[in-house]
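Open the viewer and switch to a cartoon view. This tour goes from stop to stop and says what to select at each one.

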Amino acid sequence: MTKVQNLSRSFTSIIFFLELKSEYLCQIKVSLVCMSLLKRLLRPSLEFRRVSLKTFKWWAFLAFFPMLASAETKEFKLENGLKIVVQEDHRSPVVVSQVWYRAGSLDEVNGKTGVAHVLEHMMFKGTKEIKAGQFSRLVAAAGGKENAFTSQDYTTYFQQLEKSQLPLSIKLEADRMVNLNLTDEEFAKEIKVVMEERRWRTEDKPQSKVNEQFKSTIYHVHPYSRPIVGWMNDLENMTAEDAREWYKKWYAPNNATLVVVGDVKAEEVLKLAKQYFGPLKARSLPDRKPQVEPAQTGERRVVVKAQAKLPYVLMGFHVPPLNDADKDVDPYALEILAGVLNGNASARLNQNLVRQSQIAVDVDAGYDMIQRGRETIFVLDGTPSEGKTAAELEAAILQEVEKIKTSGITEEELLRVKAQVIAADVYQRDSMFYQAMQIGQLETTGFSWKILQSYPAKLQAVTAEQVQAVAKKYFVKDNMTVATLDPQPITDTTPKGKPHVH
Amino acid sequence: MFTNSLIRGLCLSIITLAITTSAQAGLNIQQWKTSHGSEVYFVENHDLPIVDVSTNFYAGSARDEKAKSGLAGITRYMMTLGAGGLTDQDISKQMADIGANLGGSLDADRASFKLRTLSSSREQTKALEIYTKILQKPDFPDAVLSREKSRIIAGLKESATQPESISSKAFAKALFGNHPYALDEDGEVDTVTAIGREDLQKFYTQHYGAQGAVIALMGDMSRAEAERIAESISAGLPKTALPPALPAVTYPTSASEQRIAHPATQAHILLGYPGIKRGDVDFFPLYVGNYILGGGGFVSRLTEEVREKRGLVYSVYSYFMPTAEIGQFQVGLQTKREQADEALKLVRETLNKFVAGGVTEAELKAAKQNIVGGFPMRIDSNAKILDYLAMIGFYKLPLTYLDTFNDEVSKVTTAQIKDAFNRRIKTDKMVTVIVGADEAKQ
């Protein structure tokens, strides 16, 4: 549910993320597979999203599960429109503070792709009061960790601190919400960093390239077709003024949510927020026009050639996202379907394609119902075993889908997925960061954190018939997009130079 | 696929961070030995209805022989894919049915098995029953072994085309030579191919003894329950003596530089030297010093010089990975291939200046503020505490390790940092691996 299709400001931040998430990551699968999941976590955008669904399978479900402390969650709104949600968790003397902006690659236009993410980088480059680089130094000196990430739907900045240091976080975030000093000089350096990031994330990663092409094929009109990091051409031609324009457009209290989770008192957080964010002025935000992807009317295919050994196949179907948390049925059934296909090591895809027929070395399925852009896809992907082709794996995956369409799922499978939901709900309480992520993501995508409370019942109510029905309805050829990696050999990788003699 | 050196790098960094976690007043670690000689580390906490278990063996990839490299990893993995008559599918299904998570990892030193389960009686009993079988009665089914070998080999072949994996593998080889720390945890295509079921059985019997195994327990259980769990895990393990200590790492006698051709748009550069051991006398000066050099994220010297001032990289970092024997000190970066030499030169200058000149009082103060002030975040979840228990137990660190950590950090002086780096990091004998750059400009 809660997706992590984010670009982070740094590599070290990813280390940091892994440190946070490893508790889930490494408990789901054994180490070899865990390694591959970690690797996937480092990929951008869509890849990230799928990871969020597989790696964070538990989390995916639990994301919508009621939180232990839901009774202690309080929300406020300042006069300038800033939303504040505080969840008290007194297990440890720490606090997580996040500022979520409703601005992501979804809001970009052609020719300026990647600007949301570039601005995220620039947010650390100083304000009228705080010099470039000082933000990080001040947080570090307070014992804190800080970073930021950009997704399709939002840009988020966060700090993790010992609880008494919360005022510093609030003060600094309020300052850079309106006082950013975005200079040409700093921009010129940072845009080069972002281009290095794109090379690292996408250019040299064959599966990332497939993902990028896949998205621009499955979406023809909707902005989800564009890479979060931006096309290289757009980065090369981006100016400081583009970033300034973005900042002026979207960075305002009435386009943001402050989420605080930890050993704090809600009333005290409100007081701090009033003190620092209170004086900021609301701004009129641009109209957000609905952007709707026209119905797909025939199968789409794309092939990507890149240097690699193994092929890779990535397939997607347009499916509905969550719109009305009370009335919708299909999103919950699709969530269960993802669990049945790939919710645990015994789920269908792994059991049938990796363990039994051994046609794949790795196979995956995922669905994100929470999307601010109100468009989403159900994704299936995998790597064929040596000697097997992408086409053979594609056929095998489709056969699994077909089995569900014709024969449905078993009661045992349904109960298994639901049992995991219950456990995951408990496990998530061990991480404050996750809890803050869930709240922030829901608030920023146009839902309320309160739907976390109704979600378990919604999932528990899903029937086997409903799961079969969504498979039949959406998994049809005319609604399918397939991207494949055609691996190209690398000729010369022989070492030159002399190794040590020990 | 399965092997990814960059990730390994990252994982190592995480471990490095983990090691350095310090103490919070009130973390009451209880420690005892089972009747079969396993060491138990326990923290009781009833805030959440969760039980976490981690069992650790001296069975990492450094125990591999070169000709059967990858055996340690395959043994650990295969233990979870068939035990006591349960098939891989039985294990997965039964664990999923009660919402239990089975995990674990393998590094050069250690093989670990983790279990997270609800503490409710039905779930906990069932989860521990399966977990115990995995540790005590692995079946190593032939058909599963053959399948998993194919998957691992596919992963190795894929990794051999990716610059991150290539650089990491070449770096370990160049740094450690004939020492087993040079061996890839995932093995090589040839060595994995050569591994058979009897190899796994033998490795298991020799390395998974009750004697010296480290069992960490965290969460919603009483001391009596913890004792019973530890006893039942320990009781059925092989009656084997502890494996011998690993051989000592030898230091490079001269600098080396390897360039490996690759068509990637970025060059992947690693440089380093053998660093420190767990429990090393120089641990704290090197740890605090490294925070300033390249461990402190956006506030490190490397990030400042290479990224913030010049925009040459997205990522540049340094870390020490303390292991049972001397582990890696690694500096890493990726940069557009055309500017690889420029970036490497700058990194070397920054490192040399750091080692020769040491740190300023202001830098040291800022480092201490972050490390000491950030301590509470290091043990703010059951999952994190469990990892510390396992680490303290596995490396025989004092029980007060966490309690005294902040004091040890606070005591470090600028002179100690300069002295420790000078003695430990020989900048004229560094190992360098560059994948994907153009030929060196002379």
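In what order do the 6 strands of the open sheet in chain B lie? The order is 1-2-8-3-7-6, and the pairing is mixed. Keep in mind that this is a predicted model.

**Stop 1: the sheet in chain B.** Select residues 30-33 and 101-106 of chain B. These are strand 1 and strand 6, the edge strands, and each pairs on one side only. On average, neighbouring strands of this sheet are turned by 15 degrees against each other, direction ignored.

Now select strand 3 (residues 50-57) and strand 7 (residues 111-118) of chain B. They pair in the antiparallel sense over 8 bridges. Pick out Asn56(B): its bridge partner in strand 7 of chain B is Ser112(B).

**Stop 2: a buried helix.** Select residues 71-79 of chain B, which form helix 2. Here 9 of the 9 residues are buried, so helix 2 is largely enclosed by the rest of the structure. Among them are Leu71(B), Arg76(B) and Tyr77(B).

**Stop 3: two crossing helices in chain A.** Select helix 13 (residues 330-342) and helix 16 (residues 411-427) of chain A. Their axes come within 9 Å and cross at roughly 105 degrees. That makes helix 13 of chain A roughly perpendicular to helix 16 of chain A.

Show the side chains where they meet. Helix 13 brings Ile336(A), Gly339(A) and Val340(A), while helix 16 brings Glu413(A), Leu414(A) and Val417(A). By class, this contact has 4 nonpolar, 1 polar and 1 charged residues.

Terms used. Residues numbered from 1 in each chain as written. Chains lettered and ligands numbered in written order. Predicted model: local features only at pLDDT ≥ 70, side-chain atom pairs only at ≥ 80, totals over all residues. Axes fitted to C-alpha atoms, helices over the stretch in contact; angles between N-to-C directions. Helix = DSSP H or I, 4+ residues; strand = E, 2+ residues; numbered from the N terminus. Parallel < 35°, antiparallel > 145°, perpendicular 65-115°, else oblique. Contact = placed C-beta atoms within 7 Å. Nonpolar A, V, L, I, M, F, W, Y, C, P; charged D, E, K, R; others polar. Buried ≥ 20, exposed ≤ 12 C-beta atoms within 10 Å, placed from the backbone. Pairing = 2+ DSSP bridges.
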